Amino acid sequence: MCQTALHPFLEVLPKCEHHMHIEGSLEPELLFELAAKNGIALPLAGGGPGLRALRKRYEAFTGLDDFLGYYYVAMSALVDASDFERLAEAYFRRAARQNVRHAEVSFDPQAHSARGVALSTVIEGLTAARERAKRELGISSVLIMCVLRHLPPAEGVALFEEARDAGYFGGSVSDGKNDDKEKEPVLGGIGLDSSEKPFPPELWTELYGAAKKAGVRRTAHAGEEGPAQYIVDSLDMMDAQRIDHGLRSVLAGDEGVTDALLARLVDQKVMLTLCPLSNVRLRCLESVQDFPLRQLLDRGVRFSINSDDPAYFGGYILENYCALQEAFGLSVREWEGIAKGAVMGSWCADRRKWEILSEIEAVAGEWSVELGEQ
Ligand code: ADE
Ligand code: ZN
């Protein structure tokens with residue numbers, strides 16, 4: 001919990017999260033429990049550093065690949081549909097306590113199929129948790145199927161085709177009731193994650209071309225550790241509609257690219273899904289104070305604030321909001337603008353956007369009076 005006067009407001013502010021890897025919400029407690037249930041020997045336990053040592057190690061990542069080593073090993077504890085359901089249910093319950101109203105949740109099917117866990121198994125568990133979150137917690141959600149960029153592009157295309165042909169993106173598979181058009185698809189989009197360098201955007205043109213042709217929404221990690229040019233190329237070559245991280249679009253050092261890129265992001269309303277605590281843990285930034293929040297606000301870039309891998313990076317969405325508040329001391333009205341920008345960049349129906357926007361207005365109105373900002 002942060003010590004700022006705005007903390008109680010930040011807690012209740014309605015939020016949209018767009019950048020979280022569900023496997024990255026696997027807390028060590030659940031990890032060890034599922035590993036024991038499934039008889040999986042975890043090399044990271046290494047005879048038993050246990051929970052505290054593991055958490056301590058998570059504070060010492062040297063960069064993205066160091067983190068990913070732990071991330072991929074830990075997810076080997078996830079085996080059957082009920083494991084994925086429990087994982088996602090735990091996330092949704094925590095998100096609900098932080099007043100997340102809409103969540104766009106990424107997952108990495110190739111990291112599971114490599115261990116013999118079918119795409120359908122993962123989707124079954126995640127879908128059950130999403131449905132319960134909607135019913136019991138009032139959280140709407142979208143599932144984003146990520147392709148791992150350290151694997152051959154052809155395998156990503158094959159995964160996309162498998163999901164498309166199974167009807168997960170909607171449309172092609174009929175259940176006999178002829179009401180497919182009314183249904184929300186199981187998968188709401190594709191993404192691209194894992195090690196950024198040296199896997200540049202040009203490797204992914206076929207995958208993203210196929211997704212575009214099938215009418216599937218497209219986001220991609222870019223500019224986390226890689227250069228700002230990766231962001232430009234993700235827009236140009238992959239026709240990505242959103243950029244996960246995109247941090248390097250705003251940091252000094254890629255002169256000649258960043259200014260034009262920022263103008264383009266603003267002009268085309270491309271949303272950056274930013275993750276400050278992740279950036280610090282993975283040493284993309286030295287501290288939260290270096291997060292380019294003021295530049296983003298001043299330039300009018302659309303962005304959202306997210307947790308990325310909350311079990312690994314020291315917090316969920318609220319802790320990310322709080323870290324920014326401690327560093328930058330924003331006003332209620334500035335947070336209202338950030339929260340509304342996140343709604344506008346969401347992949348949900350307009351009706352849902354209006355619902356959340358009006359919730360934000362009510363909360364911001366109440367708290368700006370409470371905190372004497374008007
Ligand atoms: N997969 C999970 N977290 C990631 C991150 N921060 N960057 C790239 N791939 C990831
Ligand atoms: Zn990510």
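**View 1. Glu326 in helix H15 of the predicted model.** Glu326 is placed in helix H15 of this predicted model. With a relative accessibility of 49%, Glu326 counts as partly exposed. Apart from neighbours within four places in sequence, Glu326 is in contact with Cys2, Gln3 and Thr4. Val105 is 221 residues from Glu326 in sequence, and the two C-alpha atoms are 27 Å apart in space.

**View 2. Trp335 and its surroundings.** Trp335 is part of helix H16. The relative accessible area of Trp335 is 0%, so this residue is buried. Its contacts, neighbours within four places in sequence left aside, are Leu6, Phe9, Leu10, Leu13, Tyr321, Leu324, Gln325 and Leu330. One of these residues, Gln325, is ten residues from Trp335 in sequence, with a C-alpha to C-alpha separation of 9.3 Å.

**View 3. The largest nonpolar core.** This core has 119 residues, and the members that touch the most other members are Phe9, Phe107, Phe291, Tyr312 and Trp335. Helix H15 (residues 317-328) supplies the largest share of the core, seven residues. Phe291 touches Leu247, Leu274, Pro276, Asn279, Leu285, Leu296, Ile305, Leu324 and Phe328, with residues up to four places away in sequence not counted.

**View 4. The zinc ion (ligand 2) and its donor residues.** Four residues coordinate the zinc ion (ligand 2): His19, His21 and His221, each through NE2, and Asp308 through OD. Along the sequence the donor residues follow the spacing H-x1-H-x199-H-x86-D. His19 belongs to strand S1 (residues 15-21), whereas Asp308 sits in the loop between strand S8 (303-305) and helix H14 (310-313), so this pair ties together parts that are 289 residues apart in sequence. His19 is buried, at 1% relative accessible area. Asp308 is buried as well, with a relative accessible area of 2%.

**View 5. Ser106 in strand S2.** Strand S2 (residues 100-107) contains Ser106. Ser106 has a relative accessible area of 4% and is therefore buried. Not counting residues up to four places away in sequence, Ser106 touches Met20, His21, Ile22, Glu23, Ile144 and Cys146. Between Ser106 and Leu272, which are 166 residues apart along the chain, the C-alpha separation is 15 Å.

**View 6. The pairing of helices H16 and H17.** Helix H16 (residues 332-344) and helix H17 (residues 350-370) have axes that come within 10 Å and cross at roughly 175°. The two helices are therefore roughly antiparallel to each other. On the H16 side the contact is made by Val332, Arg333, Glu336, Ala339, Lys340, Val343 and Met344. On the H17 side the contact residues are Lys353, Ile356, Leu357, Ile360, Glu361, Ala364, Gly365, Trp367 and Ser368.

**View 7. The pairing of helices H2 and H5.** The axes of helix H2 (residues 28-38) and helix H5 (residues 81-97) cross at roughly 170° and come within 12 Å. H2 is therefore roughly antiparallel to H5. Leu30, Glu33, Leu34, Lys37 and Asn38 of H2 make the contact with Ser82, Asp83, Arg86 and Leu87 of H5.

**View 8. The loop between strand S4 and helix H9.** Pro198 lies in this loop, which runs between strand S4 (189-193) and helix H9 (205-213). The peptide bond from Lys197 to Pro198 is cis, and its omega is near 5°. Ser194 is also located in the loop between S4 and H9. Phi of Ser194 is near 85°, a positive value in a residue other than glycine. Ser194 is buried, at 7% relative accessible area.

**View 9. Arg283 in the loop between helices H12 and H13.** The loop between helix H12 (276-281) and helix H13 (293-299) holds Arg283. Arg283, a residue other than glycine, has a positive phi near 60°.

Methods: Residues are numbered from 1 along each chain as its sequence is written. Chains are lettered from A and ligands numbered from 1 in the order in which they are written. This is a predicted model: local features need pLDDT of at least 70, side-chain atom pairs count only at pLDDT 80 or more; totals for chains, interfaces and linings use all residues. Side-chain values use heavy atoms; hydrogens and water are left out. Donors are N, O and S atoms within 2.8 Å of the metal (3.2 Å for Na, K and Ca); water is not among the atoms, so sites may look incomplete. Helices (H or I, at least four residues) and strands (E, at least two) are DSSP runs, numbered from the N terminus. Buried means under 20% relative accessible area, exposed over 50%, partly exposed in between (1.4 Å probe, protein chains only). A nonpolar core is a set of buried Ala, Val, Leu, Ile, Met, Phe, Trp, Tyr and Cys residues joined through side-chain atoms within 4.5 Å. Contact means heavy atoms within 4.5 Å. Axes are lines fitted to C-alpha atoms, for helices over the stretch in contact, and angles run from 0 to 180 degrees between N-to-C directions. Angles under 35 degrees count as roughly parallel, over 145 as roughly antiparallel, 65 to 115 as roughly perpendicular and the rest as oblique.
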